[in-house]
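Hello,

Here is the structure for you to look through. My notes follow below it.

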Amino acid sequence: MAIEKGRLRDFGLQSERVLWPAKGPGAFEREVQAMERAVGLTTLDKAVAWAQTKSMWPDTFGLACCAIEMMSIVSARYDIARFGMEAFRSSPRQADLLIVSGRVAHKMAAPLRQIYDQMLEPKWVIAMGACASSGGMFNNYAVLQGVDKIVAVDVHVPGCPPRPEALVEGIVRLQEKIKAGVPPAYEIRGVAS
């Protein structure tokens, strides 16, 4: 959560850091940061979060045109192996990231939910494309109006279909959330039953 500059000063906080916003970190803070980098000090929570971001195993749920864009992120051009996602898992019991790409028909809602339930915890979900996020242009009785009605979504990737770069950006944003200690969406919002 970012704090606006000068906001604490408006509340009457009279510290040197608040009154002198252009001043950089103090000598003690610089020494502690240098020591943390040299020694590698961290907390257990931060180490676990870092390990989780570097070893995500995606399970794909490709339903429409977005699936073609999703498949291309394992190619040499985009290479998500640099993020620790070498191979897509074909079993939900081996995956911790579900990428839902494309429109979800009501007939596919139950299988999607079953795959989500079979995934191990912690688990994350990326809704890729306008159709997975909100039903897209298909505002009718056959298409689910957003996959977040049946599973808790952590990151929505916009576009119709989104470019592979957009999906890579969504993966990076998800990794940033995990490193920051944000719990998975199902812990925050719960999951519709």
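Accessible areas come from the Shrake-Rupley method with a 1.4 Å probe; for residues, only the protein chains shown count as cover. On that basis the protein chain exposes about 11,600 Å². Carbon and sulfur atoms supply 58% of this area.

Please note that this is a predicted model: local features need pLDDT of at least 70, side-chain atom pairs count only at pLDDT 80 or more, and totals for chains, interfaces and linings use all residues. Residues are numbered from 1 along each chain as its sequence is written, and side-chain values use heavy atoms, with hydrogens and water left out.

Now the whole chain. Take contacts (heavy atoms within 4.5 Å) between residues at least 6 apart in sequence: 75% of them join residues at least 24 apart.

Next, the elements. The chain has nine helices and four strands. These are DSSP runs, numbered from the N terminus: helices are H or I with at least four residues, strands are E with at least two. From the N terminus the order is α-α-α-α-β-α-β-α-β-α-β-α-α.

Finally, the sheet. Four strands form an open sheet in the order β1-β2-β3-β4, with parallel pairing. Two strands pair if DSSP finds at least two bridges between them. β1 (58-62) and β4 (155-157) stand at the edges with a single partner strand each, so one side of each has no neighbour in the sheet. Inside the sheet, β2 (residues 97-101) and β3 (residues 124-128) run parallel and are joined by five bridges. Ser101 stands opposite Met128 in β3.

Best wishes
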